[in-house]
Amino acid sequence: MEIICNKGAAEAIREILKIEDLNQRELADKMGVTRQNVSDFLNRGTKSMRYDSFERMTSALGYEIVVRKKLEKQK
């Protein structure tokens, strides 16, 4: 099981693509969109990505989004 933490949405998707040895066109095919749409999502995502776009991408790649409370740093 791959765990990807402390990444922005676009960075997390890029990492998943690398782990799964997939490219943007293959992700686009899985999502039913164009490669340009995926590219736009990832480039726009450097500043912000809508949650629904992030969820569609992670789901198409076979991943899920998990939210948990941050662990407090030990002093």
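## Close-up views of a predicted model

A search of the whole structure turns up three salt bridges. Keep in mind that this is a predicted model. The views below start with those charged pairs, then move to the pocket, the nonpolar core and the confidence values.

**View 1. Lys7, Glu11 and Glu15 are linked in a network of salt bridges.** Lysine 7 pairs with glutamate 11, and here the closest N and O atoms are 3.8 Å apart. Lysine 7 also forms a salt bridge with glutamate 15, where the closest N and O atoms sit 3.1 Å apart. As for accessibility, lysine 7 is partly exposed, at 36% relative accessible area. Glutamate 11 is partly exposed too, with a value of 43%, and glutamate 15 comes out as partly exposed at 25%. In general, side chains of opposite charge can pair when their charged atoms come close.

**View 2. Arginine 50 forms a salt bridge with aspartate 52.** The closest N and O atoms of this pair are 2.6 Å apart. Is arginine 50 buried or exposed? Arginine 50 has a relative accessible area of 58%, so it counts as exposed, the cut-off being over 50%. Aspartate 52, at 37% relative accessibility, is partly exposed.

**View 3. Glutamate 55 and alanine 9 are 46 residues apart in sequence.** How far apart are glutamate 55 and alanine 9 in space, C-alpha to C-alpha? The distance is 9.4 Å. Glutamate 55 is found in helix H4.

**View 4. The largest pocket has a volume of about 840 Å³.** It is lined by 22 residues, and the closest to its centre are Ile4, Cys5, Asn6, Val66 and Val67. Two elements give two or more residues to the lining: helix H1 (9–20) and helix H4 (51–60). Of the elements, H1 gives the most, with three residues.

**View 5. The largest nonpolar core has 17 residues.** Which residues have the most contacts inside this core? They are Ile13, Leu27, Val38, Leu42, Met49, Met57 and Leu61. Helices H1, H2, H3 and H4 each supply at least two residues of the core. H1 gives the most here, with six residues. H1 also gives the most to the lining of the largest pocket.

**View 6. The mean pLDDT of the protein is 88.** A pLDDT of 70 or more is reached by 93% of the residues. Confidence is highest in helix H2 (residues 24–31), with a mean of 97, and lowest in helix H3 (residues 35–44), with a mean of 90. As a rule, where pLDDT is low, the predicted coordinates should not be read in detail.

Definitions and conventions: Residues numbered from 1 in each chain as written. Predicted model: local features only at pLDDT ≥ 70, side-chain atom pairs only at ≥ 80, totals over all residues. Heavy atoms only, no water. 1 Å grid on protein atoms, 1.4 Å probe; cavity = no way out; pocket = protein on both sides within 12 Å on 5 of 7 lines; lining within 4 Å. Points joined across faces, edges and corners; volume = space filled by probe spheres on them. Helix = DSSP H or I, 4+ residues; strand = E, 2+ residues; numbered from the N terminus. pLDDT = per-residue confidence, 0-100. Salt bridge = Lys/Arg side-chain N within 4 Å of Asp/Glu carboxyl O. Buried < 20%, exposed > 50% of the residue type's maximum accessible area, 1.4 Å probe, protein only. Core = buried A, V, L, I, M, F, W, Y, C linked by side-chain atoms within 4.5 Å.
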